[in-house]
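Colleague: I am new to reading models like this one. Please show me the structure, then let us go through it by question and answer.

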Amino acid sequence: FIQMLRSAKKRDVLQLLRRAPEETRPFLVEAAVATQSVASLAALSDFLDFSQEPKSLLEKFLYSAAFSPRPSGELLHLVLDKLEGKQLAPEIWETGIVAVGSLVGKLCQQKLCGLQQVVERGVEAILRGLRDAKEEPEVVISLLALGNARLPETIPTLLEHAEDGPTAVTTAATSALQRFPTPHISSKVKRVMRRIFHQKRKSYDKTCRLAAAEILLDYHPLPMDVINIVLATSQMETEVATFLLLKVQSSLRDHHHLARKIMKDIMEDPQINNYNFFSKTGISSSFSGPLTVTQDLTSTFGLDLLFLEGGFLRKSVSDFSLLSHGQRLRAAQVTFEAQGMESMMGENRSEGEEEPELMAGMSATFFDVQLRPVVFFQGYTDLMAKVLLSSGEPTSVVRGNLLLMDHHQVIPLQSGLQVTIKLQGGLGLDISADMDVSIWEQELKTSVNTRGSLAMDFQAELDSPFLQATLRSQTEVETSIHFDTKLRFSSSPVLMCLQLREEQVPYR
């Protein structure tokens, strides 16, 4: 379809979009964005009316732009034109600003940062959103957009918000910093992370301290930091200490971890590696292991579960990553978070910790693009309304078709002939999540359903006056992964069931 649209005129594309039945419009919008021809972008500009179109179609357009493998400056220009100077629904603005962050980041990876003014305009749009933000969620979404952009000059802004902001802002700024490549995590960044972890200036939520510790452990850690983190666990709550120590131990098992040698040396010291530190009995866990290992590629699955002292799940992170030749791609990461449950369950907070608002939500990152977070409920009234009026339908996180690969190359051979190579790869993705809280049965259920199908089309063509030869291969693979958690907190200890189900993977 993309190949067909590449040779179409603006008039034809526009007519196609306007005459298409409602149910096929999202697919046509995705295809037009992926095509990125002057005609298709001009047709989209005329067709999409951000004051009238249904939100689902506008989100489809913005996410298609965010996932574009090699976006053009014209695509970013179109997105900014549609977002600026208009009264937009909050979720459309949020989706739009994370899409702008992704486009800016990808254009800079193509070394187009200083060459195209539209990139500066995109960065300014994010920073202006951050400056003008009046509510906490607006600050959070702008920080996540900066995480998508990964521009080194924005690191001081992220550090400022990480150290001085409230819990949600600190968490967003720290997670944005975790997206940067290792060379950008400087000694200045690590100094701020130490102050957060050791609570030098103020008291921080346990999730913020853990995120700071992860940066200190994951980016060329200093032996001093590892030792201080292990020593600090003796002063921490059981669950947080258990989680951190498992993080330290998992880096020893991971052959790709930057800290493996340092950890090994430290663990030879009996003053650190002893029963006193490593005998914590919490139920929190941190696990990472390989799913597939080949000569060129390793895919891993990681699962982090942080519990409160009373056994309630505070945060769960499931992560699917691809490692190849020193590069890491976060294919999918889904985070569930619940806070303020302690007061509902009659538990005491830690000394110095602020009273968190009752909230549950999730955030997701796919192919290194952070999506707009989803809030299941915020506040007790909202929780009761959701419990009483629950539709039972899972929340769609992302659904659509993405062009992942689009490569065209001409290779001159020694014989004087030329080979033309074309490679296209498309991904159909459907990810939904659900969180169900039953006050009467005192149960919490979460589920993430991921279904995907990847199609790749490779063609090599040799064309000369006396010989024509074409080699073509088509590959299709489908997969479906379901991750469910169920907690029953009617008695102590809390009963927990975790299930990861993978359906058969057809490969053609």
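**Helices, loops and a strand**

Colleague: Is the crossing of H7 and H8 left-handed or right-handed?

Modeller: Helices (H or I, at least four residues) and strands (E, at least two) are DSSP runs, numbered from the N terminus. If the near helix is turned anticlockwise from the far one by less than a right angle, the crossing is left-handed; if clockwise, right-handed. For H7 and H8, the crossing is left-handed.

Colleague: Which atoms do the side-chain values use?

Modeller: The model is predicted: local features need pLDDT of at least 70, side-chain atom pairs count only at pLDDT 80 or more, and totals for chains, interfaces and linings use all residues. Residues are numbered from 1 along each chain as its sequence is written, hydrogens and water are left out, and side-chain values use heavy atoms.

Colleague: What do we call the way H7 lies to H8?

Modeller: H7 (residues 90-109) and H8 (residues 117-132) pack at about 140°, with axes 9 Å apart. Axes are lines fitted to C-alpha atoms, for helices over the stretch in contact, and angles run from 0 to 180 degrees between N-to-C directions. Under 35 degrees is roughly parallel, over 145 roughly antiparallel, 65 to 115 roughly perpendicular, and the rest oblique. That makes H7, relative to H8, oblique.

Colleague: How many charged residues are in the contact of H7 with H8?

Modeller: Contact means heavy atoms within 4.5 Å. H7 brings Trp93, Ile97 and Val100, among others, and H8 brings residues including Val119, Gly122 and Val123. Asp, Glu, Lys and Arg count as charged; Ala, Val, Leu, Ile, Met, Phe, Trp, Tyr, Cys and Pro as nonpolar; the others, Gly among them, as polar. The contact has ten nonpolar residues, three polar ones, and charged residues: none.

Colleague: Is lysine 111 buried or exposed?

Modeller: Lysine 111 sits in the loop between H7 and H8. Its phi is positive, about 65°, although it is not a glycine. Buried means under 20% relative accessible area, exposed over 50%, partly exposed in between (1.4 Å probe, protein chains only). Its relative accessibility is 67%, so lysine 111 counts as exposed.

Colleague: What about glutamine 36: buried or exposed?

Modeller: Most residues other than glycine have a negative phi. Glutamine 36, not a glycine, has a positive phi of about 55°. It lies in the loop between H3 (25-35) and H4 (38-47). At 19% relative accessibility, glutamine 36 counts as buried.

Colleague: Which strand do the buried residues of H3 pack against?

Modeller: H3 is mostly covered, with eight of its eleven residues buried. Among them are Leu28, Val29 and Glu30. They pack against several helices, including H1 (2-6) and H2 (10-19), and against strand E8 (395-412).

Colleague: How far apart are the C-alpha atoms of alanine 332 and serine 142?

Modeller: Alanine 332 lies in strand E4 (residues 327-339). At 13% relative accessibility, it counts as buried. Serine 142 is 190 residues away along the chain, yet the C-alpha separation is 21 Å.
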